[in-house]
Amino acid sequence: SGVQAAKVKANFVPTKEDYIKVYNRIAEIMDEAENYDDGSYGPVLLRLGWHASGTYDKETKTGGSNYATMRFEPEALHGANAGLNLARNLMEKVKTEFPWISYGDLWTLGGVAAIQEMAGPHIPWRPGRIDGFAEQATPDGRLPDASQGGDHLRNIFYRMGFNDQEIVALSGAHALGRCHRDRSGYEGPWTFSPITLTNDYFKLLFSEKWAWKRWDGPKQLEDKKSKSLMMLPTDYVLVQDKSFKKFAKQYADSQDVFFKDFSGAVSRLFELGVPTEQFVTPEPWIMPTVEEQKD
Ligand code: ZEM
């Protein structure tokens, strides 16, 4: 009967296999992007996972990925989140097919799938986030402002509980995707392979000559050689500030070192704001890529 069906659903306890099914569906949707940007929704899905998590404040223990409050206004309309309605709508399709998953788990798993399917490292991940309420949304201004400098970057990321090394490692996500004039005001990609994760972002920061772009848009840098790549002021700080620069050089010299630190930092980022006892397992899972599932 209908009552029984509802009961079965309520008692449904998803296993790792069930989350792998969600992961695979996300990977499929990522690729349904023939006429979009560089041919993948991966970058914008990663940006969603990041903005859902990066609102965390370690002092007040508010914000972070737990309650997925970006579903609600005004957080959905915060300037930093411009364009993420696209990513949330894509994830809504997955939510319809797997209604048992929480939005916080779905959005962070989306970030994991994006990184892994775009040739990045495995990102240890585990479920347990719960859907919250509009009252739990965070005030505007918790995410970094690309027009600012090193002090601002440190203020924002130290508030989340990250150190200088993690700030630099996390910034390497900008190897992926691009800026959109109608979202942030900025324009262009950081690397020549925006749907494959590499350490090229760091390599290019050191190898190219960067100059302020002459245009009517916000202050951003362009590479003098091809004039087709960009850096935000906050990206360029990573090779100007002594402490940041040391780590940026390590990541430019070794993709392995970058991948290892990036994996650790993103894994931690996606768990910000989630009480430990809420997680369904004490040890995060390694989700296999679509390719690895074929072996
Ligand atoms: Zn981003 N990011 N980000 N970022 N980001 C943009 C795009 C993307 C900053 C920032 O202001 C911007 C991290 C850190 C920081 C991604 C991932 C991660 C854009 C362009 C801006 C302006 C948005 C647009 O116009 O579409 C600043 C100041 C950061 C401080 C360090 C971290 C951490 C990330 C993940 C771990 C990704 C993947 C994109 C590309 C999105 C896309 O649609 O292509």
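Between which two helices is the loop that holds aspartate 37?

Modeller: This is a predicted model, in which local features need pLDDT of at least 70 and side-chain atom pairs count only at pLDDT 80 or more, while totals for chains, interfaces and linings use all residues. Residues are numbered from 1 along each chain as its sequence is written, and side-chain values use heavy atoms, with hydrogens and water left out.

Aspartate 37 is in the loop between helix H2 (16-31) and H3. Helices here are DSSP runs of H or I with at least four residues, strands are runs of E with at least two, and both are numbered from the N terminus. The phi of aspartate 37 is near 40°, which is positive in a residue other than glycine. Most residues other than glycine have a negative phi. Aspartate 37 has a relative accessible area of 40%, so it counts as partly exposed (buried is under 20%, exposed over 50%, partly exposed in between, with a 1.4 Å probe and protein chains only).

Alanine 119 also has a positive phi, of about 75°, without being a glycine. Its loop runs between helix H5 (103-117) and H6. Because its relative accessibility is 44%, alanine 119 is partly exposed.

Helix H3 (42-53) is one of the elements that supply at least two residues each to the shell around the ligand, along with helix H6 (150-160), helix H7 (164-171) and strand S1 (178-179). H3 gives the most, with 5 residues. The ligand takes up the space of the largest pocket. A pocket is found on a 1 Å grid over the protein atoms alone, as an open set of points with protein on both sides within 12 Å along at least five of seven lines. A molecule sits in a pocket if more than half of its atoms lie within 2 Å of the grid points.

Of the 24 residues around the ligand, His174, Gly177, Arg178, His180 and Ser184 come nearest (near means that a heavy atom lies within 4 Å). The shell consists of 15 nonpolar, 6 polar and 3 charged residues; Ala, Val, Leu, Ile, Met, Phe, Trp, Tyr, Cys and Pro count as nonpolar, Asp, Glu, Lys and Arg as charged, and the others, Gly among them, as polar.

Some atom pairs can be listed. A polar side-chain atom of tryptophan 50 is 3.2 Å from a nitrogen atom of the ligand. Oxygen atoms of the ligand lie 2.6 Å from a polar side-chain atom of serine 184 and 2.9 Å from a backbone N or O atom of arginine 178.

The peptide bond that joins glutamate 73 to proline 74 is cis, with omega about 5°. Most peptide bonds are trans.

Leucine 84 belongs to helix H4 (residues 84-97). Leucine 84 is buried, because its relative accessible area is 0%. Apart from residues up to four places away in sequence, leucine 84 touches Val44, Arg47, Leu48, His51 and Met70 (contact means heavy atoms within 4.5 Å).

Definitions and conventions
A polar contact is a pair of N or O atoms within 3.5 Å; within protein, one must be able to donate a hydrogen and the other to accept it, and residues adjacent in sequence count only if both atoms are side-chain atoms. On a 1 Å grid over the protein atoms alone, a cavity is a set of points where a 1.4 Å probe fits but cannot get out, and a pocket is an open set with protein on both sides within 12 Å along at least five of seven lines; lining residues have an atom within 4 Å of a point.
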